[in-house]
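Here is a short report for a reader meeting this structure for the first time. Please look at the sequence and the model before reading on.

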Amino acid sequence: MKVYSIALNTFKEVIRDKIFYSLVFFALLMLGTSVLLSTLTLGERTKIIEDISLAGVSFFGVVISIFVGIGLVYKELEKKTIYTIISKPIKRYQFLLGKYLGLALTLLVYVSVMSACILLVLYLSNGIWAGSLMPAVLMTYFEFLIITAAALLFSTFSTPTLSATYTLAIYIIGHLTGDLKGLAAKIGQPVIKKVIEILYYGLPNLENFNIKGQVVHGVSLPPGYYVMAVSYGLLYAAGILAVAVMVFQRRNFK
Amino acid sequence: MIKTEGLGMEFRVGFLRKKVTALKGLTLEVKKGEVFGFLGPNGAGKTTTLKILMGLIYPTSGKAWIMGRDIRDVDVKKGLGFLPEQPYFYEYLTAREFMDFYGRLFGIRKGERAARAAELLEMVGLSHAVDLQLRKFSKGMQQRIGIAQALINDPELIILDEPMSGLDPIGRKEVRDIMMGLKEKGKTIFFSTHILPDVEVICDRVGILVKGELRATGTVGEMLGSMEARMVEMTMEGLGPDDVKAVGALSSNMVTRGRDVVAFFDDPDKARKAREIVFSKGGDIVSLIPHRGSLEDIFVEEVRKGSGK
């Protein structure tokens, strides 16, 4: 009940925020642009729309996760609204979890709205039903969950600018961890090899959630892949949240 | 209702992690049903104390209990209302949503929540603004809705941090009236302030905090009774420049208002001597007013002692 109330309040906070609106607006703009661009190409019209719109959903979702995520706790501290929450019979972890779930819910709404728009655009422009794209959109949602958790973690002890930088770094490295593994295989020096391996296993592998290429080209993935990727996403996000709770629990609110 | 024992707080600030003591061994008790004013200049540690009681910061030493329970027990807050200093609220919520949100945090049922919210908004004079977003609220309205949210759970103990600061005289009176109303209902109120005239009107007991140390506690009557030294204000006329100088030497402070000279004496004897000078020089005394010691004098005195000046 308490976590739910805070989540609901956070949901209201985000959807009544200008930043969120403008990002959703740009995501929709990108979708519109993909239709225009597709008319300039020969053949492959549908693929262009599919590629660009999927990339757009993913990109703006990440931007929302980072920039709204870093503000979730920071704004409460800055405006001291947290004083009125913590002085109620609420445990600190309940507050943090509520904030997180509030943004997770918002992102779910974002993903649903964008999916509906993609389906509509493809149907209207090319007359096709693109239900096969939906798994790719759904998978990026789990990537958003990890990014949001990371943003929340950093914002419990850092300034918004630094939090954004760290979270962006996690996002970029998260998409390059495959290269880390390749690098470790090539390096002979055992200590450096070990460090790179630890980084490879410690940092999130966000490529797990990138199946855009496969769905656009009609490559089917086994159900086991989805189960593994979704479990990985949820566990990783839960792990980050646990650390965030530990940091937040010890903190003094000045 | 509130009990603290040797409560201390140290912060580390800056790059060199310099140690700053915000609170030194605070031992204090607030009894059921009383209105306790926590006085002190800015930076004395009042807000620090309240934040410790609310679990917003952790003390570096000492212990505190609210209603007989350790403050680390979250359930303590079920019977507690708190208004932070210069509160900012979720400005994107309307007054009704705002009250509903805080009601939910206490797990109050829907129907009861709505009824309580309406009753409290009525009490603080905001029933005309239930569907207005908080961003459109004036400062006085913000303060009043802040008090309303602190009362959503019908608390036994209400803790207010600087409830009158930053308000105009009307706003202050409104807040004071709300506090008086709560007192009549038998609630315990613990509040920090540096607005002294209000304290004399509403407090049963006060404590004076200076530089993190509790310098004095007692009822307002006791505090005022302890002031032995009486100030005397004397207005004179018809004095020559030399006579004015002679009177000035006896007084603690002197001002000239047109043809009149107003002198303040901190000792009745000195005032009598000054009177003799005035009469012997053919001057006249327009008025002679003995000043009763005020809470302000005690406050200023304690702050001065505390600062070692």
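## Basis

This is a predicted model: local features need pLDDT of at least 70, side-chain atom pairs count only at pLDDT 80 or more, and totals for chains, interfaces and linings use all residues. Residues are numbered from 1 along each chain as its sequence is written, while chains are lettered from A and ligands numbered from 1 in the order in which they are written.

## Chain A

Chain A has 11 helices and 0 strands. Helices (H or I, at least four residues) and strands (E, at least two) are DSSP runs, numbered from the N terminus.

The C-alpha trace of chain A spans about 60 × 55 × 30 Å along its principal axes. In chain A, 38% of the 254 residues count as buried. Buried means that 20 or more other C-beta atoms, placed from the backbone, lie within 10 Å of the residue's own.

Two residues are in contact if their C-beta atoms, placed from the backbone, lie within 7 Å.

## Where the chains meet

On chain B, 25 residues are in contact with 20 residues of chain A. Strand 6 (80-83) and helix 2 (95-105) of chain B are the elements that give two or more residues to this side of chain B. Helix 2 of chain B gives the most, with 4 residues. By class, this side of chain B has 18 nonpolar, 3 polar and 4 charged residues. Ala, Val, Leu, Ile, Met, Phe, Trp, Tyr, Cys and Pro count as nonpolar, Asp, Glu, Lys and Arg as charged, and the others, Gly among them, as polar.

Helix 2 of chain B is mostly covered, with 9 of its 11 residues buried. Among them are B:Phe98, B:Met99 and B:Phe101. The buried residues pack against helix 1 (2-15) of chain A, together with helix 3 (110-123) and helix 4 (139-150) of chain B. Just after helix 2 of chain B, B:Gly107 takes a positive phi of about 70°.

## Chain B: domains and hairpin

Chain B is divided into domain 1 (2-225) and domain 2 (231-291). The bounds come from an automatic or database domain assignment. The centres of the two domains, taken over C-alpha atoms, are separated by 46 Å.

Strand 1 (residues 2-13) and strand 2 (residues 18-30) of chain B pair in the antiparallel sense over 9 bridges. Two strands pair if DSSP finds at least two bridges between them. These strands form a hairpin with 4 residues between them, and B:Gly14 in the turn has a positive phi of about 75°.

## Chain B: the open sheet

In chain B, 4 strands form an open antiparallel sheet in the order 12-13-11-14. Strand 12 (253-257) and strand 14 (284-291) of chain B stand at the edges, each with a single partner strand, so one side of each is left without a neighbour in the sheet.

Strand 11 (residues 231-237) and strand 13 (residues 260-265) of chain B pair over 5 bridges. Here B:Met236 stands opposite B:Val261.

Terms used
Buried ≥ 20, exposed ≤ 12 C-beta atoms within 10 Å, placed from the backbone.
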